[in-house]
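Good morning, and thank you for coming.

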Amino acid sequence: MAGILRSVVQIPRGRLQTVTKSIELLIGTDWIRHKFTRSRIPDKVFPASPKDHKKYGGDPQHPHQLHIVTRIKSTQRCPYWEKDIIKMLGLQKAHTPQVHKNIPSVKAKLKVVKHLIRIKPLKLPQGLPTEETMSNTRLKSTGELEAQWHLKPLEQGTKS
């Protein structure tokens with residue numbers, strides 16, 4: 001940008017208007033992903049649509065609290081920042097699910113590596129498990145966290 005502005009100062013007065021138009025064109029296309037740059041696509045390019053919410057079973061007013069993130073593609077031949085994000089998310093091993101919060105900082109990281117991962121909402125049909133029942137839970141492939149109930153045997157009363 002500094003090189004363009006330096007050339008504006010050195011150009012004769014008649015050509016100043018054409019150079020400023022080319023600067024406006026450059027500024028308007030700042031979201032285009034180039035081959036060796038970090039992805040910085042603004043949200044207005046890919047707005048959420050009601051069809052997405054129906055497809056993934058989400059409610060825009062009450063979004064899910066947790067994501068199940070699974071890496072499905074290799075990070076070979078990927079830039080270093082994508083490998084760093086995969087490592088930060090704990091997805092070094094492929095096809096091993098990790099649970100992450102649905103917060104803006106995590107969503108920004110997931111947006112950068114969205115071509116390498118699969119994201120599913122974590123569904124809690126029985127509610128959040130307590131400390132006692134946490135060891136008796138399992139994660140289904142559909143994204144549901146199911147608590148397994150262990151029945152205790154009935155104590156037989158003494159006969160008199």
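Is T75 buried or exposed? Please bear in mind that this is a predicted model. The relative accessible area of T75 is 17%, and buried means under 20%, so T75 counts as buried. This residue sits in the loop between β1 and α4. Leaving aside residues up to four places away in sequence, T75 touches K83, I86 and L116.

Let us turn to α4, which spans 80-88. Which of the residues of α4 are buried? They are W81, E82, I85 and I86. Because these residues cover an arc of only 140° around the axis, they lie on the same side of α4. The face turned away from the buried side of α4 carries the exposed residues Y80 and K87.

What do the buried residues of α4 pack against? Their partners are β1 (66-71), α5 and β3 (117-121). After α4 comes G90, which has a positive phi, near 75°.

Finally, I come to the core. The largest nonpolar core has 13 residues, and those that touch the most other members are I86, L89, L91, L110, V113, L116 and I117. Two or more residues of this core come from each of α4 and α5 (104-112). As for V113, its contacts are E82, I85, I86 and L89, again without residues up to four places away in sequence. Thank you for your attention.

Terms used:
Residues are numbered from 1 along each chain as its sequence is written. This is a predicted model: local features need pLDDT of at least 70, side-chain atom pairs count only at pLDDT 80 or more; totals for chains, interfaces and linings use all residues. Side-chain values use heavy atoms; hydrogens and water are left out. A nonpolar core is a set of buried Ala, Val, Leu, Ile, Met, Phe, Trp, Tyr and Cys residues joined through side-chain atoms within 4.5 Å. Buried means under 20% relative accessible area, exposed over 50%, partly exposed in between (1.4 Å probe, protein chains only). Helices (H or I, at least four residues) and strands (E, at least two) are DSSP runs, numbered from the N terminus. Contact means heavy atoms within 4.5 Å. The arc is that of the directions from the helix axis to the C-beta atoms.
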